Amino acid sequence: MSNPVVRPYLNFEGRCEEALEFYRAHLGAEIVEMMRMKDSPEPCPDGSMPPETGNKVMHALFKIGESTLMASDCRCSGEAKFHGISLAYNPPDEAIAGRAFAALADGGEVCMPLGKTFWSPCFGVVNDRFGVTWMMNVEAPKP
């Protein structure tokens with residue numbers, strides 16, 4: 001029996017494909033699989049998905065570095081809520097952290113600017129344009 005795996009599942013409520021393309025362009029995300037609502041072998045069990053959601057993302061699997069995440073448009077309500085959770089992104093150096101942080105901050109909101117902390121030479125927190133909170137953390141060199 002294999003060990004269980006926990007993966008973040010992000011519900012973008014109608015902006016999933018836009019978010020994935022943004023993460024591909026700025027964080028090097030790789031979209032591994034994507035299924036649209038219209039390609040589902042069965043209709044939504046409760047019949048709540050209107051026909052205009054056909055091109056929306058029912059399920060996506062993507063990777064950033066060695067991490068695997070999942071995402072969808074969920075109910076396509078237009079209001080994604082990511083309260084109480086953050087994604088920790090650990091780039092290998094400060095230059096990459098700066099570029100990624102600037103991209104995530106564009107159209108988003110900086111909660112804590114990038115700066116030196118007692119645990120990291122470069123740490124900051126930003127909410128991106130999709131409402132996802134990212135903690136940018138460059139690991140300190142090992143002594």
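A disulfide is a pair of cysteine sulfur atoms within 2.5 Å. This is a predicted model, in which local features need pLDDT of at least 70, side-chain atom pairs count only at pLDDT 80 or more, and totals for chains, interfaces and linings use all residues. Residues are numbered from 1 along each chain as its sequence is written, and side-chain values use heavy atoms, with hydrogens and water left out.

Select Cys74 and Cys76. The sulfur of Cys74 has its closest cysteine sulfur in Cys76, 8.0 Å away, which is too far for a bond. The disulfide count by this rule is zero. Cys74 is partly exposed at 30% relative accessibility, and Cys76 is partly exposed at 22%; here buried means under 20% relative accessible area, exposed over 50%, and partly exposed in between, with a 1.4 Å probe and protein chains only.

Next, select Phe22, in helix H1, residues 16-27 (helices are DSSP runs of H or I, at least four residues, numbered from the N terminus). Phe22 is buried, at 9% relative accessible area. Beyond its neighbours within four places in sequence, Phe22 is in contact (heavy atoms within 4.5 Å) with Leu27, Ala103, Leu104, Arg129 and Phe130. Leu104 lies 82 residues from Phe22 along the chain, yet their C-alpha atoms are 8.9 Å apart.

Last, select Leu10, Phe82, Ile85, Ser86, Leu87, Val132 and Thr133, which line the largest cavity. On a 1 Å grid over the protein atoms alone, a cavity is a set of points where a 1.4 Å probe fits but cannot get out, and lining residues have an atom within 4 Å of a point.

Methods. Helices (H or I, at least four residues) and strands (E, at least two) are DSSP runs, numbered from the N terminus. On a 1 Å grid over the protein atoms alone, a cavity is a set of points where a 1.4 Å probe fits but cannot get out, and a pocket is an open set with protein on both sides within 12 Å along at least five of seven lines; lining residues have an atom within 4 Å of a point.
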